[in-house]
Amino acid sequence: MNNGISFRNATIDDALFIAKGFHMAMLYDDASDEQISNFARNICVREDVLYSWRNTIIAEVDGKPAGMLTAYDGRYYHDMRIKTMALVKQHLGVEFPGMEDEAVAGEYYLDSLAVMPEYRGRGIGRKLLEQGIENGKEHNLDVTLAVDPINDRAKKLYQSLGFKPSGTLFIFGHDYEKMIITRQYHK
C-alpha cells in the first residue's frame, strides 16, 4: 500500500479493464466500447495468450482499478504470440508480417503498461514497472521491454529504473528499441 495505491494479480473479472489498458498502451484510442468488449471476451479471458488476465498486475487507487501491467516469462512468448496475433488479426483486422519475438527464454518481458487518464501523474506507471522488475528478479530473469525510439519520455523513465539499451526489435510494423535490466544487477 502506498498513498492509497495497492497492487494485486488480475482475475478473469478484470478482462474488460485489461482490454481497455491494452488499447490505450497500443494507441488504439479510437476503439469503440464494443471492440474493447470483444477483445476482452475473445482474448483477455484466455490463459494461453499474451494479453491474458493471468499475465497482468492491476494497480488500484482506493480499491478502484487505475492501471495495469501485462508481463510474463519470455520462454512462453513465441507460442503465445502465434495464438495472440491470430486473435488480434480477427479482432483488429490487421496483421504484422515480419514481426520478431519480443522476448525469449531467460527474460521477463514487460509488455503492456497503461494508466487510466484520471490517475496519471501519481507515479502509478513507475510503481507498476517496479512491480514488474521485482517479479523478474524473483524469477532470476533479465527484465526487458520495448520502447518506441521517438518516445523520449518513456525512455527516460525506463533508464531511471535501470534499463539499458539492448538492440532493436521489428514489431508492429516498425523498429522499437529493446531495453534490459540484466540479472547481474538484481542484487
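1. V143 sits opposite I181 of strand 7. That pair belongs to a predicted model, where local features need pLDDT of at least 70, side-chain atom pairs count only at pLDDT 80 or more, and totals for chains, interfaces and linings use all residues. Residues are numbered from 1 along each chain as its sequence is written, and side-chain values use heavy atoms, with hydrogens and water left out.

2. Strand 5 (residues 142–147) and strand 7 (residues 174–181) run antiparallel and are joined by five bridges. Strands here are DSSP E runs of at least two residues, helices are H or I runs of at least four, and both are numbered from the N terminus; two strands pair if DSSP finds at least two bridges between them.

3. Now the whole sheet: seven strands, open, mixed pairing, order 1-2-3-4-5-7-6. Strand 1 (5–9) and strand 6 (164–171) are the edges, each pairing on one side only.

4. On to the helices. The axes of helix 1 (residues 15–25) and helix 2 (residues 33–44) come within 8 Å and cross at roughly 115°. Axes are lines fitted to C-alpha atoms, for helices over the stretch in contact, with angles from 0 to 180 degrees between N-to-C directions. The two helices are therefore roughly perpendicular (65 to 115 degrees; under 35 is roughly parallel, over 145 roughly antiparallel, the rest oblique).

5. Who touches whom? From helix 1, A15, L16, I18, A19, K20, F22 and H23 meet I36, S37, F39, A40 and C44 of helix 2 (contact: heavy atoms within 4.5 Å).

6. Helix 1 also lies across strand 2 (56–61), strand 3 (64–73) and strand 4 (107–115), at about 75° to strand 3.
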